[in-house]
Amino acid sequence: MGSAEVSPQMAFARFVRRAIDDARDERGWTVTDLASHTGVGRSTVFRWLAGDWQDYPELAKVRGFCAALDLPVAAAFRALGLPDAGPTPRRRHDDGPVEADVRAILDRLADPTVPAEEKHHIRDLLRYLARRPIRRAG
């Protein structure tokens with residue numbers, strides 16, 4: 001392995017660290033809070049942070065971790081070096097503007113250079129839009 005390559009353990013540890021930092025900054029969560037909300041035990045979280053695993057983390061735990069933190073599972077899978085396991089193919093020629101917009105939002109939420117405050121505003125707006133009543137014409 002060359003010095004420029006990053007192991008899945010290191011990449012996933014970075015992903016988990018960012019998620020923990022965002023949860024602390026945006027929600028005030030400790031690692032104990034994070035464990036109770038995600039269903040991933042503290043010891044597992046600390047193992048992930050240390051890159052202390054030989055077999056890949058249980059994907060159900062990774063999915064639960066991401067779901068509780070509003071993180072795209074695809075970003076966790078990329079960090080692990082796994083192919084995306086989404087319900088739709090990644091690149092389709094018939095993707096419309098909605099799919100492109102959604103992909104752009106997910107990319108922004110997964111981008112470590114985007115400030116936590118901006119991610120918080122994006123998530124708040126998405127929650128608002130998802131819950132508001134649909135007004136039908138006519």
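**Close-up views of a predicted model**

View 1. Not counting residues up to four places away in sequence, K119 touches D22, E26, R108, L109, D111, P112 and V114, where contact means heavy atoms within 4.5 Å. K119 belongs to α7, which spans residues 116-131; helices are DSSP runs of H or I with at least four residues, numbered from the N terminus. Because its relative accessibility is 4%, K119 counts as buried (buried is under 20% relative accessible area and exposed over 50%, with a 1.4 Å probe and protein chains only). This is a predicted model, in which local features need pLDDT of at least 70 and side-chain atom pairs count only at pLDDT 80 or more, while totals for chains, interfaces and linings use all residues. Residues are numbered from 1 along each chain as its sequence is written, and side-chain values use heavy atoms, with hydrogens and water left out.

**View 2. The buried face of α3.** The buried residues of α3 are T44, V45, W48 and L49, and they line one face of the helix because, seen down its axis, they fall within an arc of 140°, taken from the directions from the helix axis to the C-beta atoms. S43 and A50, on the other side of α3, are exposed. The cover over the buried residues of α3 includes α1, α2 and α4. Just after α3, G51 adopts a positive phi of about 70°.

**View 3. Contacts of F15.** Leaving aside neighbours within four places in sequence, F15 is in contact with F65, C66, L71, A75, A76 and A79.

Conventions: Helix = DSSP H or I, 4+ residues; strand = E, 2+ residues; numbered from the N terminus.
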